[in-house]
Amino acid sequence: MEGAPYGGLCYEIMHHDISPLCAADIRDQLQKRFAYLSGGRGQDGSPVITFPDYPAFGDVPDQDFQNVMTYLTSIPSLQDAGIGFILVIDRRQDRWTSVKASILRIAASFPANLQLVLVLRPTGFFQRTLSDLAFRFNRDDFKMKVPVIMLSSVPELHGYIDKSQLTEDLGGTLAYCHSRWLRHRTAIESFALLVKQTAQMLQTFGTELAETELPNDVQSTSSVLLAHTEKKDRAKEDMRLALVEGRRVLESIHEPLARSPDQSPNQDQLDSQSTVHRLLAQLNETEAAFDEFWAKHQQKLEQCLQLRHFEQDFREVKSALDVLAQKVTTFTDVGNSLAHVQHLLKDLTSFEEKSSAAVQRARTLSQEGERLIEHKHYAVDSIRPKCHELRHLCDQFAADVERRRGLLGKSLELHGLLEASMKWCDEGIYLLASQPVDKCQSQDGAEAALQELERFLETGAENKIQELSKIFQDYEPILTKDLLEHVQRVFQKQESVEEMFHRRQASLKKLAAKQTRPVQPVAPRPEALTKSPCPSPGIRRGSENHSSEGSALRRGPYRRAKSEVSEGRQGRGGSTGDEESLAVLRRHVMKELLDTERVYVEELLCVLEGYAAEMDNPLMTHLISTGLQNKKDILFGNMEEIYHFHNRIFLRELENYTDCPELVGRCFLERMEEFQIYEKYCQNKPRSESLWRQCSDCPFFQECQKKLDHKLSLDSYLLKPVQRITKYQLLLKEMLKYSKSCEGAEDLQEALSSILGILKAVNDSMHLIAITGYEGNLSDLGRLLMQGSFSVWTDHKRGHAKVKDLARFKPMQRHLFLHEKAVLFCKRREENGEGYEKAPSYSYKQSLNMTAVGITENVKGDAKKFEIWYNAREEVYIIQAPTPEIKAAWVSEIRKVLTSQLQACREASQHRALEQSQSLPLPTPAGTSPSKASTRNIKKLEERKTDPLSLEGYGGPTPQQRAPEKGKGWSKTSHPSETPEDNDGWSSTEEPVNSSDAEEEGRAGPGKLVPGRYTVTRLDEKGVSDVLALRSGDEVELVQEGDEGLWCVRNLSSGVEGWVPAHSLSTLLCQGGPVGCLSSPESSAGSAVLSPSSSCSESCTAALADLQG
């Protein structure tokens, strides 16, 4: 800023001539009145100083006399003083010796020019005579530069000075009051000093304003403007007081004249009035100049503040727009189903609505910048580019959103076509499966079926994908790799369905043709047709065929597997520069951790003091609504506990790692138990959110927000703990990224895993508290291990085959909760509302006790499916996970639970097996003991990473025996037709209409073995006895039939399982049904031999029996 324009005026005031002595300084000497300045003037205007009759004149100290003389001679103007002073010495009542001494003293120390000295000599005869003689004879002693005239009387004095210029004691008419004169002189000089000090203050303040640098932020600019305004107000007040003082002094000078209007002022009074008027005028001019300067200075400061506000808002708005632009770029998913795309469009619309406030703020800020430019702001060159940038960012964001909406619209259109095509295919498959085969054997039935097929094919024009190349061309912008594969699969499914229809049409046309010879049609059983509603396993939903022709065609959303690429740990052999760069990055992350932690603690304290504490303030009670009273604990949860932990403990410990940020993982690990308090807060959050939504309009919240000067409402701050606990894992990931070769890398990894575990536990608990309808205590089920949503098919032993197949065809959507002791099946129900009010709830449907649960890890046809079966497969639940990774995680966790249960049962079963082997005469092959064989087989079982309840690879010692197919659980008692492998679907190459060898499910012809239980009444050759350790009277169960004529048989007495040729069993099967007998001439032997490889099967089967019991 430029210098103050009133500086010259202030300088003039400050250097105005002021007597070196002031009346206030020598007030006591002046009050003695041994000399005074009455204001009278000689004929030529010389000032008159009167020395009245003062008996103690000789006793006045020289310094006092000198001070009074100096002060009196300094009062008249320089012009009057230059003429010279007239001294009137009144010694009429004194002696000649005193007269002589007075004249000599005055002559020796008078500080100014003298024009004339008039002495009124003593009036006594003796003293008059003596003075005449002495003066005549001692004239040389009074040699002065001016004449000294001895006067005998007052009339003689009037000859030299007019009576009007002399006071009454000298026979004159000049009114003079010494005390009043002294008060006036003191007031004038005090006012002059006040004016001088005011001028000095304004000069200093003006210099400060002129030298002030414009701040670079809003806070500093506001502080400077406020401080300068306060100083300006004080300066204005000082000037006002000075003006008031000057007017008061002027009135006091006019007061005697006002009382005596006929009396004219003397020259000293006129000089005093002139001095005060001059000082007042200068003060007014100074004030006007200062006001003008301040107006310019204030305007510039206010414009600077406007600029800083604009720049700060610009940074905030630009940051928000950058975040929005970044979020738009993350909307890359084009959806994997019609519902998914609709959900994405809804999310995009919601995102756009939430973003509208930021966009509108940016446009408003741009308009505000334009207004500043119109008002001739001094920083136009800085404001205009920012306005252009804001408009560009807003337009770019709107264009990106519209482009994204256009792509999602295309995706919605494409998925509509795909959904329509898949629906058409499914309806076609169901049509083929539902056509009655027996009726189609007749000519009329075949024609009717043909017409039905033709009518259905006519609907394909509206629902089918006509040209694949046109689809690729029209929807190229949205065709990701996964979506392209999905389109191809749907098109292949469509072609497969059409091929099946053409095959069926060809078969029906043959049947509809006129028969040339009678043919006895052999119709397949309806159950067989119902069992396989679709002739192609490649089309059936949820299944896969191992052939390349019909693979991977299934209905429903597809998922793109996400692979996590783990970063390799950097070696310590890198360059010093790289290590220094990593150290800088670590310090940066640590600084962010500490800064955000401090802000977080301050925000918590602000909420607790500004809201929570105010709820107990009696002065605020009237603002609290009825629904909010006594609900502070619900609204704030355990926020106070969280604050004390972070403020007193965690923040202070974090600060200890400022210089070694790579070791900060230890701080988290040491305090990991304390972080459990967040689980309690998050569990209360839905209740808090609900209460807030009910009472958000309460005046109490508005008043608290106003006092705190918060831009955001309370609900934003109540979300801070949830945001903070999720922030830690991001910061730990960043720190670990830059610390992989450091000492604390393992601690950082462990801390990250622990924090993620807490987040998972918090998330799981949030879902767990949303379960409704469960009558028991969820805590009795043990720890919640996993939870998630799945598609579930049910398959029960009992029930009509067609009902079972339809149940398989249409899955149920269930949310599963895996506890240590049970699996809960719940139905997810979405709630209306926003935020936590929109959180889903779960209706409890059923639960499975883990002690009676088995799993089959792999289901043929779909890598995302696995089985959970219950009570020896009386209930089978086929579970389809969203991704293979989720399936693998669930299977692994269930395996851990079952393994822990099996381990306990295995120890008990081994003990029983050992006791049994000691009580029976078991011949042992040379060099091998049963206990060693058992131990060896058990170790082999533990080394296999398979289903803990599966005994894959174990069987009898016969060469024909083979292991079951992959994915089959061994602990099965259901009919083979109920296994997933037999229900995977049907092949498109099969022609069920022409099949004549299909038989009813569960029926067997004469001599054909069926699953069931049998009693051994006699033993056969040694091979079967060795495999199963059979004895006469043992009960066995035929579990299932395998390939190559082998049957899986379980000895129910010993629990041993093995694979036995069918011909060895058929000869021993009684004709009385499943409860038959196995007999042998050697039954009297009473026992069979236990094979060395059976002990493992025995122990595991016994354990399974314990689990299922």
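Strands β16 and β17 (residues 1057-1061) run antiparallel to each other and share 5 bridges, where pairing asks for at least two DSSP bridges between two strands. Welcome to a short tour of this predicted model, in which local features need pLDDT of at least 70, side-chain atom pairs count only at pLDDT 80 or more, and totals for chains, interfaces and linings use all residues. Residues are numbered from 1 along each chain as its sequence is written, and side-chain values use heavy atoms, with hydrogens and water left out. Helices (H or I, at least four residues) and strands (E, at least two) are DSSP runs, numbered from the N terminus.

**Around strand β16**

- V1036 has N1051 in β16 as its bridge partner.
- Strand β16 (residues 1046-1051) is mostly covered, with 6 of its 6 residues buried; buried means under 20% relative accessible area, exposed over 50%, and partly exposed in between (1.4 Å probe, protein chains only).
- L1046, C1048 and R1050 point one way from β16, while W1047, V1049 and N1051 point the other way, and all are buried.
- As background, side chains in a regular strand alternate between the two faces of the sheet.

**The sheet of 8 strands**

- This open sheet has mixed pairing and the strand order β6-β10-β9-β8-β7-β13-β12-β11.
- The edges are held by β6 (771-772) and β11 (853-856), each with a single partner strand, so one side of each is left without a neighbour in the sheet.
- Helix α27 (residues 745-768) packs on the sheet and touches β6, β7, β8 and β10 (841-849), its direction making about 50 degrees with that of β7; contact here means heavy atoms within 4.5 Å.
- Strand β7 (residues 784-796) pairs with strand β8 (residues 812-819) in the antiparallel sense over 8 bridges.
- Within that pairing, Q787 stands opposite F817 in β8.

**The sheet of 5 strands**

- A second open sheet to look at has the order β1-β2-β3-β4-β5, also with mixed pairing.
- Its edge strands, β1 (36-41) and β5 (148-151), each pair on one side only.
- From one strand to the next, the twist averages 25 degrees.
- Strand β3 (residues 85-90) and strand β4 (residues 114-120) are parallel partners over 6 bridges, and I89 stands opposite V119 in β4.

**Helix pairs**

- Helix α9 (residues 218-259) and helix α10 (residues 267-330) have axes that come within 10 Å and cross at roughly 165 degrees; axes are lines fitted to C-alpha atoms, for helices over the stretch in contact, and angles run from 0 to 180 degrees between N-to-C directions.
- That angle makes α9 roughly antiparallel to α10 (angles under 35 degrees count as roughly parallel, over 145 as roughly antiparallel, 65 to 115 as roughly perpendicular and the rest as oblique).
- Residues of the contact of α9 with α10 divide into 18 nonpolar, 15 polar and 7 charged; Ala, Val, Leu, Ile, Met, Phe, Trp, Tyr, Cys and Pro count as nonpolar, Asp, Glu, Lys and Arg as charged, and the others, Gly among them, as polar.
- Helix α12 (residues 380-434) and helix α14 (residues 443-458) have axes that come within 11 Å and cross at roughly 180 degrees, and these helices are therefore roughly antiparallel to each other.
- W424, E427, G428, L431 and L432 of α12 meet E452, L453, F456 and L457 of α14.
- By class, the contact of α12 with α14 has 6 nonpolar, 1 polar and 2 charged residues.

**Loop residues worth a look**

- Most residues other than glycine have a negative phi.
- R33, in the loop between α2 (27-31) and β1, has a positive phi of about 60 degrees although it is not a glycine.
- R33 is partly exposed, with a relative accessible area of 30%.
- K376 sits in the loop between α11 (338-374) and α12, and K376 has a positive phi of about 60 degrees although it is not a glycine.
- K376 counts as exposed at 70% relative accessibility.
- K711 is found in the loop between α24 (699-708) and α25 (714-718) and is exposed, with a relative accessible area of 71%.
- Leaving aside its neighbours within four places in sequence, K711 is in contact with E316 and Q705.
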